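Thanks for coming. I will go through one model today, and I will keep to what can be computed from its atoms.

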Amino acid sequence: MAERPQVVIIGAGFGGLAAAKRLEAEPVDVVLIDQRNYHTFLPLLYQVATAGLNAADVAYATRGLFRRQQRVFFRRGRVMGVDWDQRCVQIDDEPPVAFDYLIVAAGASANFFGVPGAAEYSYPLYTLPDALRLRNHIIDMFEEADADASIVEEGALTFVVVGGGPTGVEVAGALAELIDKVFREDFHDLDVHRSRIVLVEQAPHLLGPFDRRSRDYAHKVLAARGVEVRLGTVVEAIEADRVRFSDGGSIATRTLVWAAGVKAGELASTLGVTQGRGGRIAVGSDLSIPGHPTAFAVGDIADMDDGKGGRHPQLAQVAMQGGRHAAEQVLATMGKRPREPFSYFDKGTMATIGRRAAVAELPGGAKLTGALAWLAWLVLHLLYLMGVRNKVSVFVNWAWNYFTWDRGPRLILRAEDGRRGHEPAGPGRSVDGDR
Ligand SMILES: Cc1cc2nc3c(=O)[nH]c(=O)nc-3n(C[C@H](O)[C@H](O)[C@H](O)COP(=O)(O)OP(=O)(O)OC[C@H]3O[C@@H](n4cnc5c(N)ncnc54)[C@H](O)[C@@H]3O)c2cc1C
């Protein structure tokens, strides 16, 4: 092993960045690899999709995060696999990168659960290009309906959100505000009241991980804001202009937002390691990958036992704490100290429904709903957002939106190649070719 061991980290998301930050001042060389040159703050993606924030507000150039760290190297590239014998990471069209220690933090992607048409016709929300594609499409639908109101009958202004977890609830709530408070005035020739937002969930309640009071509150607020909530409803198939349910019903729509679940990032299945639920990489209690003691997996891509018979949830805090833990195990191994098991400190969970409405479940059992939970949500998201410029910009946007009901970034932005916005969101068809 070299004098300064090389730690390769795959993924500059919450887990990968936490690991790199923990190692940046240690006697190691860190190579951080990501397919994109920026970190994405996924919890605010839905606000980009619903014209509340600019794309640059929720992303941060990864190189900028380490520009003063001479021993942290960023490499933009898509990792295709790992050669365990040669101990190197294989990158698409680029030379491999050797490692002494490896931390896999490549996140998750949308899980379509084999629903026919979901990959071709739905709009997932997992990347910045996803959010921009959805925003373009929503505004396109209003522009087209404004030009020809007859297409409203065909579902042009019907927005179906599949998945009643935090992401689905947030998207539905934000869409309701965008349409009711902004588009109603923007499109004064159009009968915007004919638009529909339908939130579909197969469970008998929204917000699965939350307690009953929070679930009921979210349901009540969404209904009051005009969202049709359909519980116990299973999507059977998605077509270009219709969604079909297993009870035989269907809804004409050209916009189906897929927020129904995630699975491990594609990389997991190329590594030749044991995979658990949702294709996630099985890890030991110290987060190392069985059979590869100097390799770790953290965050959404890792199947982490919570010690209570379940798995740790796919949340930013789990990824950040996991990333830090893996980095500490690298240092422990270098210092010939024993490794420690990962122990997750739950700082609570939150979901926002819209203006002055959120639910928050805090450590110690405290549960908040309403304006207080919403304020807590705002403050926490500002705190965790990367970069002072982004914090200031998001704060200014939020304040502006709050006092004026305006949404500045309601722009249709795409490469001017003549294509329209409602191309399906299937693999490889992102607006900026970023996949
Ligand atoms: C819309 C949405 C809203 C969310 N809201 C919340 C919330 O409110 N609170 C919360 O706690 N959690 C939330 N989450 C979950 C949270 O964002 C994730 O748990 C967290 O991002 C996981 O961190 P990670 O480091 O494992 O993966 P990510 O943050 O997803 O980062 C993975 C990185 O790996 C890169 N990558 C993937 N494959 C490759 C490859 N082959 N080669 C190179 N690079 C690769 C990606 O480009 C990405 O930068 C939300 C998720 C989504 C999608």
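**Salt bridges, cores and a buried aspartate**

Let me start with one arginine: Arg244 is partly exposed, at 33% relative accessibility. For that term, buried is under 20% relative accessible area, exposed is over 50%, and partly exposed is in between, with a 1.4 Å probe and protein chains only. Before going on, the conditions: this is a predicted model, local features need pLDDT of at least 70, side-chain atom pairs count only at pLDDT 80 or more, and totals for chains, interfaces and linings use all residues. Residues are numbered from 1 along each chain as its sequence is written, and side-chain values use heavy atoms, with hydrogens and water left out.

Back to Arg244. Its salt-bridge partner is Glu239, with the closest N and O atoms 2.7 Å apart. A salt bridge here is a side-chain nitrogen of Lys or Arg within 4 Å of a carboxyl oxygen of Asp or Glu. Glu239 is partly exposed too, with a relative accessible area of 29%. How many salt bridges does the whole structure have? The search finds 23.

Lys21 pairs with Glu24, the closest N and O atoms being 3.6 Å apart, and Lys21 is partly exposed at 37% relative accessible area. Arg78 pairs with Glu266 at 3.1 Å between the closest N and O atoms. That pair links distant parts of the chain, 188 residues apart: Arg78 sits in the loop between β5 (72–76) and β6 (79–83), and Glu266 in the loop between β19 (262–264) and β20. Helices (H or I, at least four residues) and strands (E, at least two) are DSSP runs, numbered from the N terminus. Arg78 is partly exposed at 32% relative accessibility, while Glu266 is exposed at 57%.

Next, the overall layout. The protein chain is divided into domain 1 (6–35 + 77–110 + 263–334) and domain 2 (118–260 + 348–404), with bounds from an automatic or database domain assignment. Taken over C-alpha atoms, the domain centres are 31 Å apart. Seven residues of domain 1 are in contact with six residues of domain 2, where contact means heavy atoms within 4.5 Å.

Now the interior. A nonpolar core is a set of buried Ala, Val, Leu, Ile, Met, Phe, Trp, Tyr and Cys residues joined through side-chain atoms within 4.5 Å. The largest one has 72 residues, and the members that touch the most others are Phe142, Phe183, Leu222 and Ile353. Helix α6 (residues 166–186) supplies the largest share of this core, 10 residues. Both domain 1 and domain 2 contribute at least three residues each to this core. Apart from it lies another core, of 53 residues, including Val72, Leu267, Ile281 and Phe296. As for Phe142, its contacts beyond four places in sequence include Phe159, Ile179, Phe183 and Leu190.

Helix α1 (residues 14–23) is largely enclosed by the rest of the structure, because eight of its 10 residues are buried. Its buried residues are covered by elements including β1 (6–10), β2 (29–34) and α8 (316–334).

Is Asp57 buried or exposed? Asp57 is buried, yet has no salt bridge; the nearest side chain of opposite charge is Arg389, 4.1 Å away. On charges, Lys and Arg count as positive and Asp and Glu as negative, with His and the chain ends not counted. Asp57 is in the loop between α2 (45–49) and β4 (59–61). Its side chain makes polar contacts with the side chains of Ser393, at 2.6 Å, and Asn397, at 3.2 Å. A polar contact is a pair of N or O atoms within 3.5 Å; within protein, one must be able to donate a hydrogen and the other to accept it, and residues adjacent in sequence count only if both atoms are side-chain atoms.

Last, two backbone items. Leu207 is not a glycine but has a positive phi of about 45°; Leu207 lies in the loop between β13 (196–200) and α7 (212–224) and is buried, at 0% relative accessible area. Leu287 also has a positive phi, near 80°, and Leu287 is buried at 1%.
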